[in-house]
Amino acid sequence: MELREDQIERYSRQIILPNVGGKGQKKLLAAKVLIIGAGGLGSPAALYLASAGIGTIGIVDSDKVELNNLQRQIIHSVKEVGRPKVESARDRINAINEDVKVITYNLRVTSLNILDIIKDYDIIMDGSDNFPTRYLVNDACVLSKKPLSHGGIFRFDGQAITIIPGESACYRCLFSEPPPPGLVPSCQEAGILGAVAGVIGVIQANEVLKFVLGLGNVLTGKLLVFNALESSFRQVKVHRDPKCPVCGENPTVTKLIDYGQFCQIKRR
Amino acid sequence: MAIKVMIPTPLQKLTKNRADVEANGSSIRELIDDLEKSFPGFKERICDETGKVRRFINIYVNEEDVRFLKQDNTSLKDGDEVSIIPAIAGGR
C-alpha cells in the first residue's frame, strides 16, 4: 500500500517525525483499535486516533447522546442528542478523516459477546465507566492476549496503565477485586471535570499510537496517577502478581464472569 | 517520624479536603493507626473487618507497592512518601 498524495499532505507533521516516517504512517493506517465507551475517555481518544489515521476504529457503546454528556464527551454535538453514541462518533470521525473505517457496536460488552468483538483488533482502549465492565475487559484481554490501554477517572483523579498480557501486570495484578457495589460512586454520582477525562483519554490515545508505532516505552508495569488539583503526575510500580486471579500461576478466573458474581472471586 | 501521605480524592472528605497530610509511624500498620487517630473513620475505609488493606486499595511507599514488600509490616523511615491509591472506574 502506497500513501496517496493527500495522505502525505494530511499526515505530513507526523511523517516527518523521527522514527515515524511513511513506514510508521502505514502502520497506523493498517492498525485496528477498539474503543470501549464513546464517553469522557473514548471521545478525546477517538478524535486523536482518527486524526492520526488509525485505519480501523471499532467503537462500543449502548447509550444515546444526552445533553449532560456534552460537558466532557467532546466527540458528540448538540444536534446528535438522542442518537446512538456510536453513530454520532462515527460521523464525527469520518467528518475529520475519511481514511478511517469505523465499526460500530451499539451494545454493552458482556461475557458472552466480548471475546468475539475484541478478536480482530490489535489493541483495546478501555474507556468504560464501571467496575464490572473494567474487570470483564481486563479478563477478556488477558485470556485473548490482547494489549489493553486502561484509563480511569474519578472527580479530580485520573489513572492510566497499559497491559501487555503475558508480559506485564494486568489490572487484577494491580487491584485483584473490584469494590463491592455501592461503595464507590460512579461519575454520574461523583461528578467529573471534562478536562480531567481529556487528560487521561489523550494519554490513552498516546499509548495506543506508541504501541502501534513501536515507539518509546508504553505504560506497562507502572500506574500513572494524575491529580488535577495539583496538576501533578506520579508513577507507581505495578508488579505482576503470582497470585493474580487471572494471569497468575494458578488462575481462578479461566473464563469470563457474569457481572453479578464479581464480588465472590477468591484470591488463592 | 514524619511521613507524607498522599490522600486520594474519595478519602479527602475525612482529611478536610487535604490531598496530603503528615502522619507518624515506623510501619504501615502504625501509620494507618495514626491516621485513624487524626481522622476518625479513616482505617475503616482502608481496611476490612480483619484489619487487612482492602483489595481495591493499594498502599505505596515511595513507588513500591507494600504488597510486594512486607505488606502492613513494611517499615517506614523519615522522609518516606506514602500513597494510598484506590481503584477508580469512571470514564464516561
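Modeller: Happy to! Two strands pair if DSSP finds at least two bridges between them, and strands (E, at least two residues) and helices (H or I, at least four) are DSSP runs numbered from the N terminus. This is a predicted model, where local features need pLDDT of at least 70, side-chain atom pairs count only at 80 or more, and totals for chains, interfaces and linings use all residues. Residues are numbered from 1 along each chain as its sequence is written, with chains lettered from A and ligands numbered from 1 in written order.

Colleague: Which are the edge strands of chain A?

Modeller: Eight strands of chain A form an open, mixed sheet in the order β3-β2-β1-β4-β5-β6-β7-β8. Those pairing on one side only are β3 (101–105) and β8 (232–237) of chain A.

Colleague: How many residues does chain B bring to the contact?

Modeller: Residues are in contact if their C-beta atoms, placed from the backbone, lie within 7 Å. Chain A gives 37 residues, and chain B gives 20 residues.

Colleague: In what order do the elements of chain B run?

Modeller: Chain B has two helices and five strands. From the N terminus on, the order is β-β-α-α-β-β-β.

Colleague: What box do the C-alpha atoms of chain B fill?

Modeller: The box is taken along the principal axes. Its dimensions are roughly 40 × 30 × 25 Å.

Key. Contact = placed C-beta atoms within 7 Å.
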